Amino acid sequence: MLIHLPIIILTSLHPIAVRDAVPQFNIARECQDEGGTKQMEQRCTADEIQARNRLQAEWIQFSPRSKLQCNEETGTDGTSSYVELLTCLEMERDVKIEREAKTSK
């Protein structure tokens, strides 16, 4: 009976590609690792939450390639930040739009 348990669990999960969901970062740890005063830590947390909320609202507009690339780039130092991820994705999007505008002229 227990041998079938992993199969049951796996078939009950909904398949979601990693790039199709906003990654989950540990905001508290990220902001504590930056150091500083309690006020700076609170501001960091507020910024991270705001960036995460924007990412959740705008996630589908970013290309899968950009999501993967930016997620890898922002996590290279062992810490991950929603602010950095959002900034990277926005820059990728803006460069793409600018290139498309130049090629359509």
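Me: Which cysteine is joined to Cys31 by a disulfide?
Reply: Cys44, with an S to S distance of 2.1 Å. A disulfide here is a pair of cysteine sulfur atoms within 2.5 Å. This is a predicted model: local features need pLDDT of at least 70, side-chain atom pairs count only at pLDDT 80 or more, and totals for chains, interfaces and linings use all residues. Residues are numbered from 1 along each chain as its sequence is written, and side-chain values use heavy atoms, with hydrogens and water left out.

Me: Where do Cys31 and Cys44 sit?
Reply: Cys31 is in helix H2 and Cys44 in helix H3, 13 residues apart, so the pair links distant parts of the chain. Helices are DSSP runs (H or I, at least four residues), numbered from the N terminus.

Me: Left-handed or right-handed?
Reply: Left-handed, because the torsion about the S-S bond of Cys31 and Cys44 is about -80 degrees.

Me: Is Cys31 buried or exposed?
Reply: Buried, at 1% relative accessibility. Cys44 is buried too, at 11%. The cut-offs: buried means under 20% relative accessible area, exposed over 50%, partly exposed in between (1.4 Å probe, protein chains only).

Me: How many disulfides does the structure hold?
Reply: It holds 2. Cys70 and Cys88 form a disulfide, with their sulfur atoms 2.1 Å apart. Cys70 lies in helix H4 (residues 64–74) and Cys88 in helix H5 (residues 82–103), so this pair ties together parts 18 residues apart in sequence.

Me: And what's the torsion for Cys70 and Cys88?
Reply: About -75 degrees, so that disulfide is left-handed. Cys70 is buried at 0% relative accessible area. Cys88 is buried at 11%.

Me: What's the pairing in sequence order?
Reply: Numbering the bonded cysteines along the chain, it is 1-2, 3-4.

Me: Switching to charge. Which residues form the negative surface patch?
Reply: Asp33, Glu34, Asp77 and Glu84. Patch residues have over 30% relative accessible area and no salt bridge, with like charges joined within 9 Å. A salt bridge would be a side-chain nitrogen of Lys or Arg within 4 Å of a carboxyl oxygen of Asp or Glu.

Me: Where is Glu34?
Reply: Glu34 is in the loop between helix H2 (27–33) and helix H3 (38–58). Glu34 counts as exposed, because its relative accessible area is 53%.

Me: How does Glu34 relate to Cys44? What separates their C-alpha atoms?
Reply: 8.7 Å, with the two residues 10 apart along the chain.

Definitions and conventions:
Patches are made of residues with over 30% relative accessible area and no salt bridge: like charges are joined within 9 Å, nonpolar side chains (Val, Leu, Ile, Met, Phe, Trp, Tyr) within 5 Å. Accessible areas come from the Shrake-Rupley method with a 1.4 Å probe; for residues, only the protein chains shown count as cover. Lys and Arg count as positive and Asp and Glu as negative; His and the chain ends are not counted. The place of a charge is taken as NZ of Lys, CZ of Arg, CG of Asp or CD of Glu. Helices (H or I, at least four residues) and strands (E, at least two) are DSSP runs, numbered from the N terminus.
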